[in-house]
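Please open the model in a viewer and keep the selection panel at hand. The stops below can be taken in order.

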Amino acid sequence: MAEIDAAGQTTREINRAIRQFIAESCKEITVRNPGARHNLAVAILNDAHIRVAGSAGYYCGGLIDGASIEIEGSAGWGVAESMLTGTVRVHGNAGSGAAAAIRAGTVVIHGDAAARLGVSMKGGLVIVAGNCGYMAGFMAQKGTLIVCGDAGEAFADSMYATVCYVGGRIANLGTDAVIAPMDPGEAEELEKTLSAHLPAALRSAKPAANDFKKVIAGRKLWNFDKREWRIWQEAL
Amino acid sequence: MCGIVGYLDKTGAEDGNIGSILLGMLNALACRGPDSAGVALFGDHQPGQLVAQVKLGDNGKGAQRTGEVRAIAEKFGAQEFTQTGAYLRFIFRETDDLKPFIAGVEGVDKDVEVVSVGRRLEIVKQVGSPARLEQTFGISAFHGKHGIGHTRLSTESVVDLSHSQPFWSHGFADLAIVHNGHITNYHQLRRRYEQRGVRFYTENDSEVVAVFLADKLRRGAELRAAMGSMIAELDGSFSCLVATDTALGFVKDTFSLKPLVFAETDRFVALATEEIAIRGAIQGDFVVREAQAKEVQVWLR
Amino acid sequence: MSELQISGIFAPRVIEEIQAKAESGLYSIRGFGTLRERRWATFDDLTFLPCTLTRIPLEGYREKCSTKTILGTRFAKKPIELDIPVMITGMSWGALSYNAKVALAKGAAAAGSSNTTGDGGMLKAERDNSRTLIYEVLPSRYGINVHHMRMADAIELTIGQGAKPGTGGLLLGSKVSDGIAEQRDLPIGVDQRSPARHPDFLGPDDMIIKVEELREATDWQVPIFIKLGASRVYDDVKLAAKAGADVIVVDGMEGGTGASPAIFQEHTGMPTLAAVCEARCALQDIGLYGAVQLIIAGGIRDGVDAAKAMALGADACYIGTASLIALNCNKPIYEDDYRAIGAAPHACHHCHTGRCPVGITTQDAELMKRLEVEQGAERVRNLLQVMTLEIQMLARACGKSDVHHLEPEDMAALTLEASAICGIPLVGTRKVFGR
């Protein structure tokens, strides 16, 4: 277990210290007094576990491959952006673009997410225990996006093959987003996923898996030649 | 594009060290706004008086004009003159019609500009960093209940004092704004306001936010409703903080294009483009969240 | 006898376009770039003023004219060093065939130059065959992979491209093959649209933080380029410099694309000539001319265009379309196949169909076989080398022992507009107009 006191240090110095500890085979690292600095724990390419004892700024856990990052406060924009795989957990709230373009791995947000949750995600699992903001799942390609609370406007706009679930209200659906019935056994799978990733207290405060709505792409934007003018007018 | 900050003391104290808190927040955002810095601070109101900050000129040419501006200002009951940097500060007789005062003072020279007037409002802004702002004006010594601030990264207009923020809603006492983003129907709106006789002082699109709100308030809208109507009527990106002598609030655009986070406890409300600004200036155990698309909130002092 | 009169407004092509829209309810999508006649100032409106009595020209061979080009000196620990100032721009595997990407990599390497990935990520064969490889980070983030990023010699953060600034990318279904779909994490056969904006930053103030992230991810070693489609070039270049770019790429209106709505290619963006002039002014006005390198792109056809761009302030030029033409794009071979897609040699801009007769902009394995990699690589190498010789010849004639010593004052403007845009005297007048 190693500790870094981030107070008075630059992001570059902090990240260097993290890499140094990892090089010395110490893979449990806590960063104290992070002060919501940007770019903490960017591009950690191994299974280190990094605890940010406070808030992080932008891109915390961005470009990681295999690491596990835990942010005890809130996170700024683009938390876990472009992660290849790994786990990023935010105890507080997440800013816009959380889990942007992730390829795989898991992002769990205990609080609320802001706009563009999971934008362009290319795989992986994103879970928000609270609410999410505008245009979650925009152009999402693969993977699973779960919002236990309410979803903001334009939910799941212009998606490819990502599957979304929302436990609360959806302000409105995005272009080409449709509510679909769950398959037999799907609710049970959803329950397993939620229980596996959310602390029990947080899980029990949210709706039952059966009460989640499943949202997928209607596929009307998948091929350009379709003469669905109204859809394209919205989308383009 | 820039960094914006705001702070409101909720404890009931009239003499909180908001100057040093806002300065601490601005310092953390200097990287994203290296061109200019400024604050709009709300201090004590002396009954029957208004406080004015007047820019004497650009590029150091102001010094000769102090005498002339003083002479005009004294006709409006001005006293307690202090000169700092490019600014002349004084208090003068409270009035509901600022037009003669503004015309008189700005008539001295085309470079002279009334930067702010209010019962409590004082705007100081200039080219350079927050550290330089502090050096010139000693912001950290300012005491009051609330204020907003700005660090600027200029996009399409020039870098100079007048084009910096915060913007005073010219002619409307105590109303000030800071804006991060870009109003994309600025020119169209500007031409419409100019047709109705409104004067713009800069080529900076953020100025239209100040003009827009003053126009709505003059027509009888409440502050919250006026801010809400920005969402439909101003196009482009904006996270804005708006302050009057009695209120502080924020409004975010339809697509949530520019960041804005805030924290509220029973002691304070703090707002900033990035959480690092809040954590840099305020200690304590509180939660920060990002404002959502089309969200409007107003706090009264 | 009266003759038939064709309208200058509703010309035959316009009539066809309106009727096509009336039939389909869709706008036209195609590849290639600006096709309409260029009636604005271009590099053709400038001429070089070689040495005569006032200056001394250099002979060839022994009187060397250096072409070595170094990019990324501002902040990077390891700037890139190229033998020549002409580089291959980013074009996606997806828009291009696998063979095309490999041929470009090999050809650039053989010429001592660099290659760039594209909107789809890095191919192993690209890294294996490139001497210097620039990794593009685009709004779509297709194929984004931190390991590939760390294998690159430079990172190019792309805000937009000259053919279609302000919009996203497009790859029509016939080109979204199994391999492409897998690389991009998409369903097979969709008409892939890329977003217009980056997912995790919106605006130059947030971009400052993004640049720092890219530096953290690459240990502050390699140069960070910021690529802009030429629009408000003067403002954008200043902002990219303030955001910490080592190198700024400005891609002019005449730049190419594999597929995009035609209206963007024709009616958006600032022409390349004007763009390079605004870019240089912007850097001068913030005191960073020379500190931040400038790469110009957008319809560079030969060493002459490149030399003029360099004289106006570019440190290097990217070629895209020209390099594909070197690979036989628009060559009069397989002529039946051109006709089958509604084109003809010298009049083909049908990259978007995926049925490129010469195997460049296709994912069809059979068509791709027509592009033999080694031959293609040699052709690209030849083009790059000839372009370099052309630049050197012009530079020597102007008395320069280094191609980077070319200056605006080595040229004269042939037209009023070129004089006004470039700040160069108009021939016959010794005056600069419009300033």
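**Before starting**

This is a predicted model, in which local features need pLDDT of at least 70, side-chain atom pairs count only at pLDDT 80 or more, and totals for chains, interfaces and linings use all residues. Residues are numbered from 1 along each chain as its sequence is written, while chains are lettered from A and ligands numbered from 1 in the order in which they are written.

**Stop 1: chain C**

Along the principal axes, the C-alpha atoms of chain C fill a box of roughly 75 × 60 × 45 Å.

Of the 435 residues of chain C, 59% count as buried. A residue is buried if 20 or more other C-beta atoms lie within 10 Å of its own, exposed if 12 or fewer, and partly exposed in between, with C-beta atoms placed from the backbone.

**Stop 2: chain B**

Switch to chain B, which has eight helices and 16 strands. Its C-alpha atoms fill a box of roughly 50 × 40 × 35 Å, taken along the principal axes. Of its 301 residues, 54% are buried.

Now colour chain B by domain: domain 1 is 2-45 + 124-300 and domain 2 is 47-118, with bounds from an automatic or database domain assignment. The centres of the two domains, taken over C-alpha atoms, are separated by 23 Å. Where they meet, 16 residues of domain 1 of chain B are in contact with 17 residues of domain 2 of chain B; contact requires C-beta atoms, placed from the backbone, within 7 Å. On the domain 1 side, strand 7 (121-127) and helix 4 (130-137) of chain B each supply at least two residues. That side has eight nonpolar, five polar and three charged residues. Here Ala, Val, Leu, Ile, Met, Phe, Trp, Tyr, Cys and Pro count as nonpolar, Asp, Glu, Lys and Arg as charged, and the others, Gly among them, as polar.

**Stop 3: Ala86(B)**

Select Ala86(B), in the loop between strand 4 (79-84) and strand 5 (87-93) of chain B. Is Ala86(B) buried or exposed? Ala86(B) is buried, with 24 other C-beta atoms within 10 Å. Beyond its neighbours within four places in sequence, its contacts include Lys55(B), Gln126(B) and Leu161(B).

**Stop 4: between the chains**

Show chains B and C together. Eleven residues of chain B are in contact with nine residues of chain C. The chain B side has six nonpolar, two polar and three charged residues.

**Stop 5: the largest nonpolar core**

Finally, select Val5(B), Met25(B), Ile155(C), Ile248(C), Val250(C) and Cys317(C), which touch the most other members of the 312 residues in the largest nonpolar core. Such a core is a set of buried Ala, Val, Leu, Ile, Met, Phe, Trp, Tyr and Cys residues joined through C-beta atoms within 7 Å. Helix 14 (residues 373-397) of chain C gives the most to this core, with nine residues.

Notes. Helices (H or I, at least four residues) and strands (E, at least two) are DSSP runs, numbered from the N terminus. Two residues are in contact if their C-beta atoms, placed from the backbone, lie within 7 Å.
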